Amino acid sequence: MTTALDEIVANFELLDEWDDRYRYLIELGKGLEPLSEEAHNDANKVRGCASQVWLESRSEGGPGPQTRLHFLGDSDAHIVRGLVALALAIFSGRQASEIAATDAFAIYERLGLAAHLTPQRSNGVRSMIERIKSDARAAVGA
């Protein structure tokens, strides 16, 4: 079950300590809908992440900007699974045109994550977001 973005933002604002925020991210990751073993494949693997990350997308309606994209994801690292959960809360279930227009980095910045993630993890987040936006661009152009 994916937690709504507004709820995630509200919960982050209640947590003052970064240890608590990291624990919350890990809990978000534990709540991800399971990704099938078959989906843990090379085509779904996100390049540029230090940890193993897989994103599976499916489209509904379309083709074109109104195509709605749904994502499932997984990682072999607990905190990264939480970052995947956050990305899915931002993007999954939205129209391709909305995905393309969404500034996810502003959300990560608002939550303070940009300042508290290692450069490697920040690069991984960029890779995840670019992969999702690439899927959205493909849906629009399909």
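Colleague: Let's start with Trp18: why is this residue called buried?

Modeller: The relative accessible area of Trp18 is 18%. Buried means under 20%, exposed means over 50%, and partly exposed is anything in between (1.4 Å probe, protein chains only). So with 18%, Trp18 falls on the buried side.

Colleague: And what sort of model is this?

Modeller: This is a predicted model, where local features need pLDDT of at least 70 and side-chain atom pairs count only at pLDDT 80 or more, while totals for chains, interfaces and linings use all residues. Residues are numbered from 1 along each chain as its sequence is written, and side-chain values use heavy atoms, with hydrogens and water left out.

Colleague: What makes Phe12 and Trp18 an edge-to-face pair?

Modeller: Their centres are 6.4 Å apart and the angle between their planes is 65°. Rings of Phe, Tyr and Trp (its six-membered ring) pair if their centres lie within 6.5 Å; planes under 30 degrees apart are stacked, over 60 edge-to-face, and the rest tilted. So 6.4 Å makes a pair and 65° makes this one edge-to-face.

Colleague: Then why is the pair of Trp18 and Tyr22 called tilted?

Modeller: Here the centres are 5.6 Å apart and the planes stand at 55°, so the pair is tilted. Both residues lie in helix α2, four residues apart, about one turn of the helix. Helices (H or I, at least four residues) and strands (E, at least two) are DSSP runs, numbered from the N terminus.

Colleague: What makes one face of α1 the buried one?

Modeller: In α1, Leu5, Ile8, Val9 and Phe12 are buried. Seen down the helix axis, these buried residues fall within an arc of 95°, so they line one face; the arc is that of the directions from the axis to the C-beta atoms. The face turned away from the buried side carries the exposed residues Asp6 and Leu14.

Colleague: Which helices do the buried residues of α1 pack against?

Modeller: They pack against α2, α3 (78–91), α5 and α6 (113–116), where contact means heavy atoms within 4.5 Å.

Colleague: Which residues have the most contacts inside the largest nonpolar core?

Modeller: Tyr108 and Leu113, in a core of 41 residues. α3 gives the largest share of this core, eleven residues. A nonpolar core is a set of buried Ala, Val, Leu, Ile, Met, Phe, Trp, Tyr and Cys residues joined through side-chain atoms within 4.5 Å. Leaving aside neighbours within four places in sequence, Leu113 is in contact with residues including Phe12, Trp18 and Tyr108.

Colleague: On to charges: why are Arg110 and Glu13 called a salt bridge?

Modeller: Their closest N and O atoms are 3.2 Å apart. A salt bridge is a side-chain nitrogen of Lys or Arg within 4 Å of a carboxyl oxygen of Asp or Glu, so 3.2 Å qualifies. This pair links distant parts of the chain, with Arg110 in helix α5 (residues 104–110) and Glu13 in helix α1 (residues 5–14), 97 residues apart.

Colleague: And what makes Arg110 exposed?

Modeller: Its relative accessibility is 59%, so Arg110 counts as exposed.

Colleague: How do you know that Glu27 and Lys30 form a salt bridge?

Modeller: The closest N and O atoms of that pair are 3.5 Å apart. The two are three residues apart in helix α2 (residues 18–30), so about one helical turn separates them. Glu27 is partly exposed at 46%, while Lys30 is exposed at 53%.

Colleague: How many salt bridges are there?

Modeller: Seven salt bridges in the structure, among them Glu130 with Arg137, at 2.3 Å between the closest N and O atoms.
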